[in-house]
Amino acid sequence: MFAVIVLRHPHLQSAVRTSAYDPQIPLAVLHTGEDIIVSRDKAVIWQMNTQAKHSGVSPGLTASQALARCSDLQILPRNLPQEHTVSTLLLQTAGHYSPRIEATEFGMVTLDLDGSTFLPDRLASMSQSILDELECVHLKAQVGVAPTPDLAQLAAHTGRPFHLLGNHPDEVQAFLQPLPPSWIHVSENALNILQLWGVRTLGALLSLPQQELRERLGSEVVEQCTRLRRDTIRPLKVVPPPQTFCEVSDLEHPIECLEPLLFLLQRFLEQLAHRLDSCYLAFEQVLLEFAFDNGSTSQRRFKIPEPTTDINRLLCMIHGSLEHYTAPSPLIRVSMEAVPTRPPRVQRGLFENYLKDPQQFAETLTQLCGVVGSDRIGSPHICSMQQPDAIEMQPFQEHQNNKDSPKASSPVYGLPMQRYRPPLPVDVQVDAQKQPIAFTSTRMSGRIRAMHGPWLNSGGWWQSDQHWERREWDVQSHQGELFRLVQTSKQWVIEGRYA
């Protein structure tokens with residue numbers, strides 16, 4: 001069995017998919033090219049909805065001719081980026097139900113259901129599931145299931161919203177009997193000849209002798225008739241479903257403030273989240289690309305702390321980042337791409353330290369960066385130099401992924417020292433050898449009974465503004481207390497007390 005998914009007016013759906021048009025008003029799409037046969041090189045009506053068709057609009061009319069027949073007609077240009085997105089959506093949706101799919105034409109895909117897990121009594125539920133998935137991404141489609149790809153294509157065009165055609169000869173003949181010959185791919189000249197012969201249906205065409213038909217109309221019509229037989233199965237041109245998840249919109253009216261942009265980004269996130277959920281994936285990164293009225297572009301990358309499909313969290317993170325962003329000119333195009341990954345399934349250790357809510361932490365960081373700047377946000381990190389208490393700030397992501405950060409050395413056994421922060425300034429008396437013999441401060445004083453040192457340490461000599469040096473002693477007061485006494489280039493301090 002084969003299944004075909006067909007979009008109703010695919011170019012029109014692509015043009016209005018990301019817009020807020022009322023589906024009850026007449027809509028039409030313009031096109032200039034060889035797809036529409038016209039006598040002049042002008043933009044002509046290509047596809048229209050049912051309301052426009054009932055008002056007298058037909059393919060091939062110019063914009064002025066169409067407006068003369070329907071004054072409230074909304075005429076839209078083709079949206080090529082959205083057409084590419086729609087093609088990707090169709091292939092990805094079809095890939096959920098069969099590994100063998102064919103991009104038959106724009107707005108139509110064919111699925112080979114041979115060997116699939118869908119039994120004949122479950123084909124109806126499969127068809128409805130396909131329609132529901134496409135409805136979630138704002139696409140209306142029809143599904144046809146039949147023994148051959150060509151019969152499935154005809155069944156899809158007649159489906160309201162889907163049509164299941166069995167393999168019995170009488171059922172196939174009854175299905176083809178009322179269909180017009182224009183539904184098969186034959187030339188306009190052949191259709192006119194069939195009209196003169198009085199052949200009004202495919203059933204009447206298939207009843208004609210094939211040899212005589214070939215002699216009068218050529219092999220084109222005979223080949224099309226042969227493909228409609230239930231035992232003729234053409235090979236599919238199988239293509240893999242694309243793994244890109246992108247939404248793009250060319251704005252009809254430029255955006256100058258944040259609120260309408262957030263509304264559009266929320267809609268993009270909803271559609272991308274649904275597509276990722278159907279593939280059992282989640283957001284790892286979000287890439288935003290803006291095009292402005294002055295011709296400039298801007299790209300922004302959002303790294304998700306933990307893969308998720310929570311739309312509210314993602315929108316809050318993007319909102320916090322864009323809240324303090326100033327655009328150079330009005331926005332005319334928005335593109336959002338999701339970098340997918342597998343959802344995390346990690347069992348935390350009982351005594352392991354981790355963030356309770358990484359998404360909330362990232363949202364807070366984004367808000368802080370917008371207020372004080374990204375260069376003022378980070379985590380303390382011990383420098384590689386030997387200067388005591390030398391700490392620098394690193395971005396959180398960089399700090400978490402930095403494999404070259406210093407690791408804890410093997411434990412050193414000895415007396416623990418309680419550090420004074422900041423160090424306690426003292427006045428020190430020294431002897432002739434520049435060795436301390438007594439100290440006085442606001443908190444303690446006394447003579448030095450015993451000492452060890454000095455230990456010399458220095459660094460940063462290659463940069464004049466970062467040069468440092470120090471001399472350290474471990475001293476014992478006359479009361480028996482142990483201290484770390486340090487002499488720098490500026491002063492004497494007591495750095496800590498040994499417990």
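The legends below describe close-up views of a predicted model. Local features are given only where pLDDT is at least 70 and side-chain atom pairs only at pLDDT 80 or more, whereas totals for chains, interfaces and linings use all residues. Residues are numbered from 1 along each chain as its sequence is written, and side-chain values use heavy atoms, with hydrogens and water left out.

**View 1. A mixed open sheet of 3 strands, in the order β3-β2-β4.** Strands (E, at least two residues) and helices (H or I, at least four residues) are DSSP runs numbered from the N terminus, and two strands pair if DSSP finds at least two bridges between them. Strands β3 (44-48) and β4 (74-76) each have a single partner strand, so one side of each is left without a neighbour in the sheet. From one strand to the next, the twist averages 40 degrees; axes are lines fitted to C-alpha atoms, for helices over the stretch in contact, and angles run from 0 to 180 degrees between N-to-C directions. Strand β2 (residues 27-31) runs antiparallel to β3 and is joined to β3 by 4 bridges. Opposite alanine 28 stands methionine 48 of β3.

**View 2. An antiparallel open sheet of 4 strands, in the order β9-β12-β10-β11.** The edge strands, β9 (245-255) and β11 (297-308), each pair on one side only. Direction ignored, neighbouring strands are turned by 15 degrees against each other on average. Between the antiparallel strands β10 (residues 282-292) and β11 there are 8 bridges, and leucine 287 stands opposite arginine 301 in β11.

View 3. With 52% relative accessibility, arginine 447 counts as exposed (buried, under 20% relative accessible area; exposed, over 50%; partly exposed, in between; 1.4 Å probe, protein chains only). Beyond its neighbours within four places in sequence, arginine 447 is in contact with Ile437, Ala438, Gln476, Ser477 and His478 (contact, heavy atoms within 4.5 Å). The C-alpha atoms of arginine 447 and serine 477 are separated by 5.7 Å, although these residues are 30 residues apart along the chain.

**View 4. Valine 372 in helix α14 (residues 358-372).** Valine 372 has 38% relative accessibility and therefore counts as partly exposed.
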